[in-house]
Every structure is written in C-alpha cells, then in structure tokens.
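Here's a quick briefing to read with the structure open beside you.

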Amino acid sequence: MDAITLLHERSSMGKLMAPAPSPEQMEAIYHAALRAPDHKELRPWRFVEFQGEGLERLGELFAEAEFHADPHAEDGTLDAARKKPLRAPMIIAVIAKVTPDLPKVPKMEQVISAGCAAHGILLAAHALGLGAMWRSGKYAFDPTVRKGLRLEEDDEIVAFIYIGALGGRHRQVPVHKISDFVERWD
Ligand SMILES: Cc1cc2nc3c(=O)[nH]c(=O)nc-3n(C[C@H](O)[C@H](O)[C@H](O)COP(=O)(O)O)c2cc1C
C-alpha cells in the first residue's frame with residue numbers, strides 16, 4: 001500500500017481478535033509512533049502495552065475507578081468495567097508525558113505530539129493489515145486510572161488503542177468535500 005493510499009484509507013476496526021501483534025509488528029508500530037512531530041524533541045510520550053493478564057489488570061483498574069466514583073455501584077457495572085479491555089488482544093495506552101511550564105512548548109503542543117504518536121500507531125497498524133481503534137472514554141480522565149498508570153500531575157492519557165487481528169471488514173471510508181473545511185487565501 002502506498003503512503004497516500006494509507007493516509008486516505010486508514011479506518012478504525014472495533015471488532016478485534018487474537019492474536020496480538022507480534023513483537024516484530026510492535027517494533028514497526030512503535031518506530032512509526034516515535035516519528036511523530038515533536039517540538040524541541042521532548043519525546044513527550046510514554047506507552048503502556050497490555051496483553052494477557054495485563055488486560056485483566058487494566059480491567060481491575062477500570063472496576064476500581066467505578067468503585068471509587070460510586071462505592072454503591074452495582075456488581076454488573078463493575079463487571080462491565082472489568083471486561084472492557086478484553087475487547088482486544090492488546091491495548092496500548094498512549095500517555096502524554098508533559099513537561100510543565102516550558103515557554104516555547106506549552107502543554108497543548110506536547111499533548112498534540114502524543115496524539116500524533118497515537119495516529120502513527122493507527123497508521124502503522126493499518127499498513128500491517130492489523131485492526132486498531134483509538135478509544136478514550138471516561139477512564140482516560142479518571143483519577144484512579146491516572147494513579148494506576150503512574151501519571152504525573154500534568155500528564156494526560158490521550159488514547160487507549162485497542163489493537164489486534166481484524167475481526168470484520170473495514171467500513172467504506174467517507175469521502176468528504178474538501179471545500180467544507182478549507183478556506184483559501186490566494
Ligand atoms: C481522542 C479520541 C478519542 C476517541 N474515543 C473513542 C471512544 O472512547 N469510543 C469510540 O467508540 N470512539 C472513540 N474515538 C473515535 C474512533 O477512534 C474513530 O476515530 C471513529 O469511530 C471514526 O472511525 P474512523 O477512525 O474509521 O474514521 C475517539 C477518537 C479520538 C481521536
């Protein structure tokens with residue numbers, strides 16, 4: 001697949017199956033992530049990879065988050081939280097590791113950079129014939145989850161990328177009208 005086709009046709013895949021990407025595929029994926037644009041070369045990111053029992057531990061963390069948010073939460077709610085990460089054979093948490101108070105690289109730029117790294121992961125996964133989906137959801141902003149993943153005060157969870165073998169067909173990507181989004185100053 002040539003690069004422009006990849007950029008035009010990448011799409012998300014929510015239905016994912018085992019196996020998880022191989023170590024070789026993950027190496028290619030991380031190299032793609034690490035080519036994200038990065039003002040002052042801060043490398044403002046860190047990745048936490050979950051598979052196997054790691055996915056169950058992440059599910060426990062989500063359930064703990066539910067419990068802390070509401071100690072009266074029903075068992076069904078806690079169970080649903082526990083099962084969320086089991087929708088893929090692997091999850092990569094993309095964390096913006098933010099250096100605060102840099103005059104030339106404000107927090108927003110560092111978070112955007114980490115977002116670009118997440119996009120790099122999606123693009124590389126697609127190029128390798130894998131399925132992937134960027135999810136955030138309330139757990140990305142939850143204090144219990146932030147603590148469990150060892151975020152510093154200014155850090156942000158920008159993505160939980162669910163990744164694995166394709167469990168379905170990619171949808172036809174929508175074709176947008178460029179003029180709806182572009183203004184030209186000639
Ligand atoms: C920051 C961010 C967070 C997202 N969080 C979720 C989410 O929690 N759940 C979800 O279904 N889609 C989420 N999405 C959207 C999907 O990843 C996906 O982009 C969307 O379904 C459109 O599909 P496409 O990527 O094939 O165009 C998120 C996207 C971004 C950029």
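This is a predicted model: local features need pLDDT of at least 70, side-chain atom pairs count only at pLDDT 80 or more; totals for chains, interfaces and linings use all residues.

**Helix α3 and its neighbours**

- Quite a list of α3 residues is buried, including Gly 54, Leu 55, Leu 58, Gly 59, Leu 61 and Phe 62. Glu 66 is on that buried list too, along with Ala 63 and Ala 65.
- What do those buried residues pack against? Their partners are the strands β2, β3 (90-96) and β5 (156-166), plus the helices α4 (75-83) and α6 (143-148).

- Ala 65 sits in helix α3 and has a relative accessible area of 1%, so it counts as buried, the cut-off being under 20%.
- Leaving aside residues up to four places away in sequence, Ala 65 touches Tyr 139, Asp 142, Thr 144 and Val 145.
- Take Asp 142 from that set: Ala 65 and Asp 142 are 77 residues apart in sequence, yet their C-alpha atoms are 6.8 Å apart in space.

- Is Asp 38 buried or exposed? Its relative accessible area is 15%, and the cut-off is under 20%, so Asp 38 is buried.
- A polar atom of the Asp 38 side chain lies 2.9 Å from the backbone nitrogen of Leu 42.
- Beyond residues up to four places away in sequence, Asp 38 touches Arg 43, Pro 44, Trp 45 and Ser 113.

**The largest pocket**

- The lining of the largest pocket includes a run from Leu 7 through His 8, Glu 9, Arg 10 and Ser 11 to Ser 12. His 119, Leu 123, Arg 171, Val 173, Pro 174 and Val 175 line it as well.
- Which elements give two or more residues to that lining? They are α1 (3-9) and α5 (107-127).
- Helix α1 supplies the largest share of the lining, with three residues.
- By type, the lining residues divide into five nonpolar, four polar and three charged.

How values were computed. Residues are numbered from 1 along each chain as its sequence is written. Side-chain values use heavy atoms; hydrogens and water are left out. Buried means under 20% relative accessible area, exposed over 50%, partly exposed in between (1.4 Å probe, protein chains only). A polar contact is a pair of N or O atoms within 3.5 Å; within protein, one must be able to donate a hydrogen and the other to accept it, and residues adjacent in sequence count only if both atoms are side-chain atoms. Contact means heavy atoms within 4.5 Å. Helices (H or I, at least four residues) and strands (E, at least two) are DSSP runs, numbered from the N terminus. On a 1 Å grid over the protein atoms alone, a cavity is a set of points where a 1.4 Å probe fits but cannot get out, and a pocket is an open set with protein on both sides within 12 Å along at least five of seven lines; lining residues have an atom within 4 Å of a point. Ala, Val, Leu, Ile, Met, Phe, Trp, Tyr, Cys and Pro count as nonpolar, Asp, Glu, Lys and Arg as charged, and the others, Gly among them, as polar.
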